[in-house]
Amino acid sequence: SKREIKMRKLDSTKVRPLKTEQLLHIEDHDFALRPGFGGSPIPVGIDVQVESIDSISEVDMDFTMTLYLRHYWKDERLSFRSNKNKSMTFDGRLIKKIWVPDVFFVHSKRSFIHDTTVENIMLRVYPDGNVLFSLRITVSAMCFMDFSRFPLDTQNCSLELESYAYNEDDLMLYWKHGNKSLSTDEHISLSQFFIEEFSASSGLAFYSSTGWYNRLFINFALRRHIFFFVLQSYFPAMLMVMLSWVSFWIDRRAVPARVSLGITTVLTMSTIMTGVSASMPQVSYIKAVDVYLWISFLFVFLSVIEYAAVNYLTTIEERKQLKKRGKASGMYSMDAVQAMAFDGCFHDTDVDMDLTPFPDPCEENETRTSQTNISNEDTPRLKRKRSLKGNVGRIILQNNHVIDTYSRIIFPSVYIVFNFFYWGLYI
């Protein structure tokens, strides 16, 4: 009836919707060809908003960045009539049916378009044929880093964009809004770096087989946080060097104390150097931290060599004194040098101090011997021991070798000069 026909016309759910393909006339054109094929190159504007810099890897020499990549171009084949001059927005399903620029990332290792909950792709078409094509992408790309000043370095990295198939005769890639085409999130931060600047630039790339291509650059400078490495590497190295100087104030007769202290500091410095090298790429040149750690290791090593020289010269000196006094003979006698090498204690045949306030193994052995030989209490040696009471400190100072005296001044002075020169050169 007429009433039923009228009701069907008023029911909008029964009306067949207008297809996008019919509105944009997609089926009437060959979108395998670029817009304006055979004519001048099509200009494609680019702008980028950096959402985050996810990671910087020194070992792999790359960085990972998440960004919004937007393309702008005009394709008259997509123009349509609109009474209100409003644009139409589509998702990624229309991309496969029209022409879009084939921009790729030069030197990229991995990249993907986010697809949660659907592919993060937006296409906006205006009535005059202007097109906005936006993607949300995460890309990992190479960064050619120079570690010669590590960890006091500043790294300059860049993300490069270029058309893969269309050279400059077919496609002209440019920054849509000049230097303002690159924007960043205000809350971007990294654990090990300060982001000093972001900048946009452009250039040309030449390939021998295909010609010249327009290339766009996203440049950013990263300055490393130094405080972490001061706590983890520099400060422990300083402490180990200073700890090695303690041996200069220990009596030269205390062989076990000075040797064990030297070996401990050497091994600790080796551990620090190994830990720093494990987190760095195996580069063929010397880094700034290597210079500091190796020179610190050299100071620690020289402190061990210093005591070896002191001990050797002391041995020679004692032998000469014993030969002069004629007390080095006897098949069963043991001179001071041999005794010191045997039990780690110094035995002076002429002057043997009574260190009763500071008992040691050597003193205890001599006490036991004196107790079993009560008849020898009045020997000249024991008389000299009694006369030396109260003069222990003076004799200890006299027993310090001249090399130890000079080392207490030379080692700290040279190390302070080195630190001033090092930090002044690299900072």
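Is arginine 223 buried, exposed or partly exposed? Arginine 223 is partly exposed, with a relative accessible area of 38%; here buried means under 20% relative accessible area, exposed over 50%, and partly exposed in between (1.4 Å probe, protein chains only). Before going further, please note that this is a predicted model, in which local features need pLDDT of at least 70, side-chain atom pairs count only at pLDDT 80 or more, and totals for chains, interfaces and linings use all residues. Residues are numbered from 1 along each chain as its sequence is written, and side-chain values use heavy atoms, leaving out hydrogens and water.

Let us stay with arginine 223 for a moment. It forms a salt bridge with glutamate 196, the closest N and O atoms being 2.7 Å apart; the term stands for a side-chain nitrogen of Lys or Arg within 4 Å of a carboxyl oxygen of Asp or Glu. Glutamate 196 sits in strand β11 and arginine 223 in strand β12, 27 residues apart. Helices (H or I, at least four residues) and strands (E, at least two) are DSSP runs, numbered from the N terminus.

These strands, β11 (residues 193-207) and β12 (residues 211-224), pair in the antiparallel sense over 14 bridges, where pairing requires that DSSP finds at least two bridges between them. A hairpin of three residues joins β11 to β12. Strand β12 also holds arginine 215, while glutamate 160 lies in strand β8 (residues 154-163).

Tyrosine 234 in helix α3 (residues 227-244) and tyrosine 292 in helix α5 (residues 288-325) tie together parts that are 58 residues apart in sequence. Their rings form an edge-to-face aromatic pair, 4.9 Å centre to centre with 65° between the planes. Rings of Phe, Tyr and Trp (its six-membered ring) pair if their centres lie within 6.5 Å; planes under 30 degrees apart count as stacked, over 60 as edge-to-face and the rest as tilted. Tyrosine 234 is buried at 1% relative accessible area, and tyrosine 292 is buried at 0%.

Both tyrosines belong to one aromatic cluster, whose members also include Phe411, Tyr415 and Tyr422. Those three are among the buried residues of helix α10, which runs over residues 402-426. What covers the buried residues of α10 includes α3, α4 (255-278) and α5.

Definitions and conventions. Expected span 1.5 Å × (residues − 1). Contact = heavy atoms within 4.5 Å.
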